[in-house]
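Here is a quick tour of one protein model. Have the structure open beside you and look up each spot as it comes.

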Amino acid sequence: MSIDEVCKIADSRIGFFHFVDPDEKSLTLQAWSTRTVKEFCTAESAGKHYRLDQAGVWVDCIAAREPVIHNDYSSLPHRKGLPEGHAEVVRELVVPISRDKRIVAILGVGNKPFNYNEQDVELVSYLADVVWSIAEKIKADEQIRQLNARLERLAMIDELTDLPNRRAFFLQGAKEISRAERNKISFSLLMLDLDHFKNINDTYGHDAGDFVLKQFSNLLRENIRESDMAARLGGEEFSILLPETELKYAVKFAERIRQAVEQERMRVQDQSINMTVSIGVVTYSENLPDPKSVIKQADDCLYKAKRQGRNKVVSPD
């Protein structure tokens, strides 16, 4: 049930719904009725958060902890006046919604053609409970959606570097293979391993090692295209997917990464250290039917770079 339906049932021209904060000292406007916005009110207040002591007389229902009727709004001595663009209020009925002895929301209707009475109070109070139940469900559903999205993100993101993790990399790799087969295009893959990384951990400690991994991840992010994907596969091992990239361009890109890492100076415990990286580069072909096969060939190139002295880019002969 929407605020529009409440207004229609209650024969009211305006309507609003507010959430009340747990301390019952402030609130947030959740919604005006459609007719209120369209015909009567141009005030910019949707989503506005403000204290109860700054609100109008309609919050009397919170102090009274019961529905309040103002059938002659203009005569109320304690009314504060309406902001520019606010709907004119002739009369109003405002109902507090309580759960566990706490007021959680307020539903108000106004400008009925004739005075509100106890029958209206009973009707609008019932409708307010219905609206709150729906709002609670929507809110719970949104919280569940956000939680699921967060869990899904956590399942796909490396916690230390905030890069996609091994799982995300394999899923994307499978998609790239399908796309390459379908559209007869190529993509390339880089496998990267920081050289002598163990020495960083042994010399400066694991916190310093984590710092270096984060810095290296930032460097990758700064150098890839929006369509590319850099991922941490584990430890000091990383990978980059380069969609629609032939081998010769992938090798040039890998060389830029290698040089950028070599030139980077990192401050660790007041000392400037430099890192190097070994990189294996391959391009997808039909004899590499799945991500594991592509990675295997890229790994072979990577370890060939290691055997050749590190700080090198190697691709298949």
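## Where H4 meets H5

In this predicted model, start with helix H4 (residues 118-156) and helix H5 (residues 166-183): their axes cross at roughly 90° and come within 6 Å. Angles from 65 to 115 degrees count as roughly perpendicular, so that is the label for H4 and H5.

Which residues meet here? On the H4 side look for Glu152, Ala155 and Met156, and on the H5 side for Arg167, Ala168 and Leu171. Sorted by class, this contact of H4 with H5 has four nonpolar residues, two charged ones and no polar ones.

## H5 also packs on H9

Now follow H5 to another partner. Helix H9 (residues 291-307) packs with H5 at an angle of about 105°, and the two axes are 9 Å apart. That makes this pair roughly perpendicular too.

From H5, the residues taking part are Phe169, Phe170, Gly173, Ala174 and Ile177, and they meet Pro291, Lys292, Val294 and Ile295 from H9. By class, the contact of H5 with H9 has seven nonpolar residues, one polar and one charged.

## A buried glutamate

Next, find Glu92, which sits in strand S5 (residues 92-99). Is Glu92 buried or exposed? Its relative accessibility is 4%, so Glu92 counts as buried, the cut-off for buried being under 20%.

What does the Glu92 side chain pair up with? A polar contact of 2.8 Å links it to the side chain of His70. If you skip neighbours within four places in sequence, Glu92 touches several other residues as well, among them Val57, Trp58, Tyr73, Val109 and Tyr116.

## Cysteines without bridges

How many disulfides are there? The count comes to zero. Two cysteines worth a look are Cys7 and Cys301: Cys7 is buried at 6% relative accessibility, and Cys301 is buried with a relative accessible area of 6%.

## Two loop residues with positive phi

Lys101 isn't a glycine, yet it has a positive phi of about 65°. You'll find Lys101 in the loop between S5 and strand S6 (102-110). With 82% relative accessibility, Lys101 counts as exposed, since the cut-off for that is over 50%.

Asn311 isn't a glycine either, and its phi is positive at about 55°. Asn311 lies in the loop that runs between H9 and strand S13 (313-314). Its relative accessible area is 19%, so Asn311 is buried.

Terms used:
Residues numbered from 1 in each chain as written. Predicted model: local features only at pLDDT ≥ 70, side-chain atom pairs only at ≥ 80, totals over all residues. Heavy atoms only, no water. Axes fitted to C-alpha atoms, helices over the stretch in contact; angles between N-to-C directions. Helix = DSSP H or I, 4+ residues; strand = E, 2+ residues; numbered from the N terminus. Parallel < 35°, antiparallel > 145°, perpendicular 65-115°, else oblique. Contact = heavy atoms within 4.5 Å. Nonpolar A, V, L, I, M, F, W, Y, C, P; charged D, E, K, R; others polar. Buried < 20%, exposed > 50% of the residue type's maximum accessible area, 1.4 Å probe, protein only. Polar contact = N/O pair within 3.5 Å; in protein donor to acceptor, adjacent residues only side chain to side chain. Disulfide = S-S within 2.5 Å.
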